[in-house]
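I opened my notebook for a friendly walk through one structure. Here is what I looked up, entry by entry.

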Amino acid sequence: MDIATLKELHPDHFARANAIRVLAMDAVQAANSGHPGMPMGMADVATVLFEKHLKFDASAPDWADRDRFILSAGHGSMLLYALLHLTGYEDMTMEQIRNFRQLGAITAGHPEYGHAKGIETTTGPLGQGIANAVGFAIAEESLRARFGKKVVDHFTYVIAGDGCLMEGISQEAIGLAGMQQLSKLIVLWDDNNISIDGEISLSDITDQKKRFQASGWQVLECDGHDPEDIDRAISQARTSKKPSMIACKTHIGFGSGRQDTAKAHGAPLGPEEIAKTRAAYGWTAEPFDIPGDIAKAWREIGAGGAEERGEWENRFATLSASRQGEFTRIMDGTAHKRLASTIRAFKKAQSEEAPKVATRKASEMVLAAVNPVLGETLGGSADLTGSNNTLTPDLGIFDPSNRKGRYIHYGIREHGMAAAMNGMALHGGVKPYGGTFMCFTDYARGSMRLSALMGVPVTYVMTHDSIGLGEDGPTHQPVEHLAMLRATPNINVFRPADVVETAEAWELALASEATPSVLTLSRQGLPTVRTDHKTKNLSAQGAYVLADAEAGKRQVILMATGSEVALALEARAALEAKGIGTRVVSMPCAELFAQQDEKYRRKVLPAGPVRVAVEAGVRQGWDRWLLDERGRAQKAAFVGMDSFGASAPAGELYAHFGITAEAVAQAAEDLL
């Protein structure tokens with residue numbers, strides 16, 4: 001539908017949609033940076049969605065049963081910011097719109113979760129939003145099964161562009177959504193045939209509609225500038241028993257002289273072009289000025305869900321006090337009051353029994369104790385359930401026939417799994433965890449980084465954490481991955497030494513409210529090194545003294561993580577036998593240790609003794625603890641990896657690469 005027809009047949013709608021368009025043009029121009037074309041092209045679709053279908057109340061942006069709206073095509077952020085301002089979200093003021101992309105403004109270049117209410121997830125890296133949306137829809141299904149439709153019954157809507165659908169993660173996401181029959185998930189594809197380089201035909205010939213159909217979706221089409229046709233398609237999608245993709249045929253930069261060209265995509269239109277476009281719209285108001293009648297109409301849309309929210313609150317009030325309390329707790333992300341006592345009891349039993357188990361098995365043992373208590377956990381694995389040990393008997397499988405199941409078979413979709421878990425955590429009400437091999441954090445990396453950036457407490461269960469996995473060889477043996485993860489801000493990387501530290505790591509991960517956790521777990525069996533039960537969670541300090549010097553003056557400090565803690569204890573025994581007083585420091589989480597005060601860190605790592613760190617990974621990241629924190633280069637050494645691994649039994653590999661108790665003890669003696 002062209003502008004003349006749209007203006008003639010739907011003048012009120014056209015005026016409301018134009019408010020989005022002009023705000024996008026004005027804000028991008030003021031910033032001299034941004035993407036005006038997509039908001040201009042999708043303004044009609046967004047207007048119909050918010051006016052006629054989206055269940056929300058701008059005065060209560062955290063309403064638990066609101067529909068979720070995700071702008072996967074995050075470069076078009078002014079579409080979302082304009083909608084939030086126009087519908088009356090309190091924090092999205094016109095001043096924030098004026099300061100688009102400026103330091104300190106909540107209107108960042110791409111939508112960032114936590115900056116403003118109504119931004120459900122951080123998007124910009126293409127494909128992430130549509131993949132997050134799968135997690136949102138899974139969380140909705142799971143919670144509806146648990147609490148009933150009168151409390152949980154809402155849709156997840158996504159606006160995605162060609163770039164989102166070209167990213168590989170999109171296929172992981174839509175394949176999972178189709179298999180799970182997530183009927184409350186509706187994707188609105190901005191089918192404008194343009195990317196930064198030009199027409200899509202330059203780089204892609206995929207028939208996206210057939211692709212979605214092949215993945216188990218209902219596929220619909222509409223004229224993305226005809227409000228009646230848009231309404232028809234969304235209405236039809238809402239009745240489907242499958243997830244729905246609506247191909248919205250649009251014109252990027254609608255109404256401008258740059259319409260249908262790449263020039264409309266990622267740069268300001270310029271004052272002259274903006275003036276011409278305003279004239280084409282019949283828009284006479286000054287920049288950043290919305291005429292009163294249009295502003296009033298939008299505010300009424302923003303308040304339209306208030307009555308429905310009130311009805312929901314009345315229904316919620318009919319639940320028992322305990323059910324209300326549980327729902328509120330899990331939506332707030334507060335740890336279960338029995339988590340700490342459950343972990344303490346588990347630790348005590350394990351310290352007494354002192355089993356020799358792989359920490360991946362230890363993790364399974366912890367989950368077997370925790371999952372029956374925490375009904376909000378939702379586990380899974382990327383086709384490595386038997387290796388990751390992430391399934392406990394009480395969970396049941398989440399699928400279309402059992403929405404009360406709490407375990408998801410993600411298939412070989414590490415990136416899609418990570419993104420979906422982000423969506424679940426953002427939705428609220430579930431504590432997602434998912435497993436794969438540590439080496440395959442490479443596949444999940446994009447979404448793991450966003451977990452950290454957004455501050456969402458997803459738990460990544462990464463097993464087979466070193467050359468200790470043995471015969472699968474260097475393709476599967478992580479070497480640089482610990483350093484990569486530790487270099488990422490706001491991730492807690494746990495590498496527990498035994499079953500007790502594994503339990504402590506799980507307690508911290510499940511209680512976390514704003515930091516994702518990575519549990520890096522061994523394939524090989526490890527002895528219990530914490531045989532003296534401590535009620536306190538020692539891993540919460542990041543590092544602690546596991547064994548101190550007994551043979552005399554402390555001359556050596558050995559630092560280790562995970563499977564190498566036992567090696568450090570062996571090396572200590574050898575050194576102590578020679579009269580060399582040796583302390584062993586277990587460091588299950590360097591990030592938490594760095595957060596401790598100077599007094600505690602000095603107590604654990606005092607000046608004076610030589611220091612040797614041992615870890616079956618690269619040295620990067622260890623120098624802070626070896627050379628800084630009162631250390632000295634002349635009195636420090638590292639025993640670990642400086643190359644990729646090899647294919648052989650684990651024991652042979654440790655000897656081959658020189659990661660042995662003898663090598664650790666010798667390194668300390670050499671420094672002395």
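**Entry 1, R68.** I noted at the start that this is a predicted model. I looked up R68 and found it in strand β1, residues 68-71. R68 is buried yet has no salt bridge. I checked the nearest side chain of opposite charge: E120 is 4.4 Å away, and a salt bridge needs nitrogen and oxygen within 4 Å. The R68 side chain does reach the backbone oxygen of R66, at 2.8 Å. Leaving out residues up to four places away in sequence, I listed what R68 touches; among them are W63, E120, F136, H154 and H427.

How do α4 and α12 pack? I read an angle of about 90 degrees, with the axes 7 Å apart. That makes α4 roughly perpendicular to α12. From α4, the contact uses L83, H85, L86 and T87; α12 brings A295, W298, R299, I301 and G302.

I got a count of 40. One of them joins K296 and E300 at 2.6 Å, N to O. These two are 4 residues apart in helix α12, so about one helical turn separates them. K296 is exposed at 52% relative accessible area, while E300 is partly exposed at 48%.

In helix α15, E352 and K348 are also 4 residues apart, about one turn, and their side chains meet at 2.7 Å, N to O, in a salt bridge. Here E352 is exposed at 57% and K348 partly exposed at 42%.

Technical notes: Residues numbered from 1 in each chain as written. Predicted model: local features only at pLDDT ≥ 70, side-chain atom pairs only at ≥ 80, totals over all residues. Heavy atoms only, no water. Buried < 20%, exposed > 50% of the residue type's maximum accessible area, 1.4 Å probe, protein only. Lys, Arg positive; Asp, Glu negative; His and termini not counted. Polar contact = N/O pair within 3.5 Å; in protein donor to acceptor, adjacent residues only side chain to side chain. Contact = heavy atoms within 4.5 Å. Axes fitted to C-alpha atoms, helices over the stretch in contact; angles between N-to-C directions. Parallel < 35°, antiparallel > 145°, perpendicular 65-115°, else oblique.
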